[in-house]
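Let's take a friendly walk through a protein model together. Have a look at the picture first, and then read on.

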Amino acid sequence: MDTPHTPYSPLTDSILGRIRKAVGEKALILDACSREEFGRDATGSGCLPEAVVEATTAEQVVALMRLANELQFPVTPRGTGTGLAGGSIPVSGGVVLSLARMNRIMDIDPGNLVVLVEPGVINGDLKKAARELGLFYPPDPASFDTCSLGGNAATNAGGASCVKYGTTRDYVLGLDAVLPNGELIRTGVQTRKGVVGYDLTRLLVGSEGTLGVITRLVLKLLPLPPAVMTLVALFPDLPSAMHAVMKILSKGYAPCALEFLDRHCLDLVGDLLPFDGVREAGAFLLVEADGAPRSVAREIEEMGEVCLESGAGQAFLAPDAVKRARMWDVRKEVSLRIERGASIYVPEDVVVPLGRIAELVEGLPELEDRFGVRIYAFGHAGDGNIHLNITSRSPGALAQVQGAIEAVLDRVLALGGTISGEHGIGLVKKRFMAKELCGESLRVQREIKRVFDPGHILNPGKLFE
Ligand SMILES: Cc1cc2nc3c(=O)[nH]c(=O)nc-3n(C[C@H](O)[C@H](O)[C@H](O)COP(=O)(O)OP(=O)(O)OC[C@H]3O[C@@H](n4cnc5c(N)ncnc54)[C@H](O)[C@@H]3O)c2cc1C
């Protein structure tokens with residue numbers, strides 16, 4: 001755990017006394033062990049905050065931010081710390097503000113297909129509560145059973161179902177946020193449409209906790225699709241798998257997942273796939289459809305035919321929910337096995353235009369040779385969001401891994417892509433922001449930050465150098 005290098009004054013006993021008075025004794029955590037835990041995220045890195053506040057009400061958040069504004073100490077919002085960009089690491093010390101205990105589903109309105117939640121609700125808990133009422137909350141980051149909806153909104157989280165259903169931003173109708181000066185604003189609507197004023201909801205969603213602390217979300221729900229079917233196909237090489245993806249999408253099918261694994265990934269998890277031909281295959285595609293039972297059955301069958309026409313050696317239908325879950329387990333097991341087998345492991349989540357996925361992935365062996373690293377590629381083929389896991393077995397190969405990351409990002413940008421599709425910029429990618437955004441765009445973004453947070457006290461050190 002690193003010690004923060006910070007231009008802010010340390011939290012003195014007198015400041016801690018005022019925080020205690022503002023948020024209450026029970027909400028303030030000062031013991032080093034707990035502070036250490038709240039100072040980390042899923043990147044594995046962390047910094048020790050001087051204090052943690054575990055809020056249970058929006059009033060506590062208002063009181064803390066008012067005090068932070070008056071005394072100019074930094075506050076870093078935190079959901080459940082599953083972020084992969086270092087966004088909730090308190091690099092400037094000060095207070096980590098945990099929203100994890102603000103975890104009530106306040107009201108589900110099945111008639112209007114809307115739900116009001118606090119930010120600490122776990123994504124999977126909302127999915128479950130909605131399902132029990134015949135409703136559906138689509139955003140599905142792979143971390144859905146541990147990440148918070150506030151964190152999802154702050155990072156605009158996505159997942160496999162984005163190809164059909166879009167990202168978190170498409171489901172946030174409105175929100176409450178506490179600004180760095182302690183004011184609480186309510187943005188957006190509780191209706192399906194609304195265009196009054198600037199769209200502050202969409203600005204706050206994806207702002208990675210740098211503009212306001214989200215204390216309530218109004219989310220859109222859908223009716224639960226009655227049927228889901230899953231198909232997996234093995235291809236001799238990646239270009240033929242990507243050809244199938246393009247054909248599926250251009251023919252107007254609407255799969256709710258189109259996930260691929262490359263050859264390196266098949267080497268790692270091929271033992272979990274109960275089919276012949278895995279060893280010889282160059283790529284694996286998982287295709288899923290949901291909707292009315294008859295149309296789903298027809299659509300999945302036709303998409304299977306498209307796979308075979310595009311060169312798949314085999315295409316298998318998962319016949320029941322258990323086999324379906326097993327196929328998804330294989331997809332999820334990939335990252336675990338990659339991480340387990342490497343001393344250095346950096347997950348990048350780039351996006352390229354659909355027609356250029358194969359070009360990107362086919363170019364990876366040259367980068368592996370040049371930098372002496374291993375790069376595993378898998379992810380959301382349906383929206384071009386590729387998880388490139390850049391790894392080395394040698395703990396001393398950090399410079400080579402860093403070199404490979406930079407070369408990969410340059411190539412992605414040259415292909416017309418973007419350096420992050422879901423994980424965000426946070427700490428780990430801020431040095432690459434200027435590669436993608438022009439100087440004018442960065443200037444406007446810095447000015448927006450200044451309007452919201454002139455004292456630079458909310459999540460400092462993130463997004464911008
Ligand atoms: C195994 C694994 C799989 C993953 N798969 C995916 C995936 O498929 N798709 C995807 O998008 N991500 C994925 N992630 C990344 C991560 O789960 C998401 O970024 C998630 O949205 C973070 O939520 P969190 O509650 O953990 O937020 P945290 O990590 O606590 O915080 C993330 C950012 O949000 C800010 N923040 C959190 N809560 C609030 C709030 N209430 N108000 C303002 N700012 C706030 C923080 O300051 C920080 O900048 C994965 C992570 C892991 C470990």
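## Two pairs of packed helices

Helix α8 passes helix α10 in a right-handed crossing. A crossing is right-handed if the near helix is turned clockwise from the far one by less than a right angle, and left-handed if anticlockwise. Helices here are DSSP runs (H or I, at least four residues) and strands are too (E, at least two), numbered from the N terminus.

Before going further, please note that this is a predicted model: local features need pLDDT of at least 70, side-chain atom pairs count only at pLDDT 80 or more, and totals for chains, interfaces and linings use all residues. Residues are numbered from 1 along each chain as its sequence is written.

The table sets out the geometry of two helix pairs. Axes are lines fitted to C-alpha atoms, for helices over the stretch in contact, and angles run from 0 to 180 degrees between N-to-C directions.

| Helix pair | Axes | Angle |
|---|---|---|
| α8 (238-250) and α10 (293-309) | within 9 Å | roughly 140 degrees |
| α1 (13-23) and α3 (58-71) | 8 Å apart | about 155 degrees |

Because of its angle, α1 is roughly antiparallel to α3, whereas α8 is oblique to α10. Angles under 35 degrees count as roughly parallel, over 145 as roughly antiparallel, 65 to 115 as roughly perpendicular and the rest as oblique.

Which residues of α8 and α10 make the contact? From α8 come Ala244, Lys247 and Ile248, and from α10 come Met303, Val306 and Cys307. Two residues are in contact if their C-beta atoms, placed from the backbone, lie within 7 Å. This contact of α8 with α10 has 5 nonpolar residues, no polar ones and 1 charged. Here Ala, Val, Leu, Ile, Met, Phe, Trp, Tyr, Cys and Pro count as nonpolar, Asp, Glu, Lys and Arg as charged, and the others, Gly among them, as polar.

The crossing of α1 and α3 is right-handed. Ile15, Arg18, Ile19, Ala22 and Val23 of α1 meet Gln60, Ala63, Leu64, Leu67 and Leu71 of α3. That contact divides into 8 nonpolar, 1 polar and 1 charged.

## Around the ligand

The shell around the ligand holds 36 residues, and Gly79, Gly83, Gly87, Gly151 and Gly209 come nearest. A residue is near if its C-beta atom, placed from the backbone, lies within 6 Å. β3 (75-78), α5 (149-155) and β10 (213-220) each supply at least two shell residues, and α5 gives the largest share, 5 residues. The shell has 12 nonpolar, 20 polar and 4 charged residues.
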